[in-house]
Amino acid sequence: LEDQYSPSRWSRRLDRDTIIDVHLEVTAAGTERARASTQTLLHVPYGNGDKEKLDIYFPTSPSETFPVLVYIHGGYWQCLSKDDSGFAAPPLVSQGVAVVAVGYDIAPKGHMDAMVLQVRRSLVFLMEQYPRIRGIYLCGHSAGAHLAAMVLSTDWTEFQVVPDIKGAVLVSGVYDLEPILHTYVNDALNMSREVAQRNSPMRHVIPAVPAACEVLVAVAQHDSPEFRRQSQEYSQALRAAGWSVSLLDLAGVDHFDVIEKLSEDSYLLTQV
């Protein structure tokens, strides 16, 4: 399990120590470029917590209303931040799409229940503050794909607002947290079995409502067999519950460049 849930061991490009450093450099540099070339509103608070902030990248030529892609970063719920999460903005803002990078409390400060709630609350905030938004598209990578998937199982009645989620792009995610309990990843998260089960999208797939969003589950060729299995089984579970789902297996990429390449217009996932 330690091996299966260590994405850096499965890359064909770089060794396991280098690849994490390179990923941090690529996402940070891409975000810097995006901030320099886009109209932005940074560190917008959606709550009172230090990390409860959003970075908004506005479309180059916004029409009256515009769609928004909400990006939820990975980092195994314990590293990275919204400040490295704007790299995907340039190709999208040029097409009239706003991009929002969500900050949340990572472990050890952040608890799994709290992270899930923060991401849900960030969407409620966007709906209330920006009436010009025409449809939300979620995009999460790795741990961020898990958080985005948890959004899909939300009972919105307690929030008094139902975000208009039109689509979800879940990239190289973990949808059943139980195996994580038995690995080093849980050292910082400190999840009990109850917490892991309560926050496993795989166990909380709700029946699709008529206007349910489309879901794209993407996985990298060089993700580990466990990551690939989880993507496949979660997409099957959604489909069985009536969701409109496609599984996209991206050739020639690993757990890291599968998302880094979203900064490129010509990349298949950017296009989709």
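Here are some notes on this predicted model, point by point.

1. Ground rules. Numbering starts at 1 in each chain and follows the sequence as written. Because the model is predicted, local features need pLDDT of at least 70 and side-chain atom pairs count only at pLDDT 80 or more, while totals for chains, interfaces and linings use all residues; side-chain values use heavy atoms, with hydrogens and water left out.

2. Overall build. You'll find nine helices and eight strands in the protein chain (these are DSSP runs, H or I of at least four residues for helices and E of at least two for strands, numbered from the N terminus). The C-alpha atoms fill a box of roughly 50 × 40 × 35 Å along the principal axes. A compact globule of 272 residues would have a radius of gyration near 19 Å, and the chain's 17 Å agrees with that (the radius is taken over C-alpha atoms, and the globule rule is 2.2 Å times the number of residues to the power 0.38).

3. Take the contacts with a separation of 6 or more: residues 24 or more positions apart account for 75% of them (contact means heavy atoms within 4.5 Å). Of the 272 residues, 56% are buried (under 20% relative accessible area with a 1.4 Å probe, protein chains only; exposed is over 50%, and partly exposed is in between).

4. The cores. In soluble globular proteins, nonpolar side chains tend to be buried together. Here the largest nonpolar core has 61 residues, and Val70, Trp77, Leu138 and Leu170 have the most contacts inside it (a core is a set of buried Ala, Val, Leu, Ile, Met, Phe, Trp, Tyr and Cys residues joined through side-chain atoms within 4.5 Å). A second, separate core has 24 residues, including Tyr71 and Leu248. Back in the largest core, Val70 touches Val100, Leu123 and Ile136, among others beyond four places in sequence.

5. The largest pocket. Its volume is about 450 Å³ (on a 1 Å grid over the protein atoms alone, a pocket is an open set of points with protein on both sides within 12 Å along at least five of seven lines; a cavity is a set where a 1.4 Å probe fits but cannot get out; lining residues have an atom within 4 Å of a point). Grid points are joined across faces, edges and corners, and a volume is the space filled by probe spheres set on the points. Of its 21 lining residues, Leu69, Tyr137, Val169, Leu269 and Val272 are the closest to the centre. Strand S3 (66-72) and helix H9 (268-271) are among the elements that each supply at least two lining residues. The lining has 15 nonpolar, five polar and one charged residues (Ala, Val, Leu, Ile, Met, Phe, Trp, Tyr, Cys and Pro count as nonpolar, Asp, Glu, Lys and Arg as charged, the others, Gly among them, as polar).

6. Cavities. Tyr71, His73 and Asp84 are among its lining residues.

7. The peptide bond from Ala107 to Pro108 is cis, with omega near 5°, and Pro108 sits in the loop between strand S4 (98-102) and helix H3 (112-129). His43, in strand S1 (residues 40-45), has a positive phi near 60° without being glycine. Trp77 also has phi near 60°, but this residue lies in the loop between S3 and helix H2 (89-93). Are these two buried or exposed? His43 is partly exposed at 40% relative accessible area, whereas Trp77 is buried at 0%.
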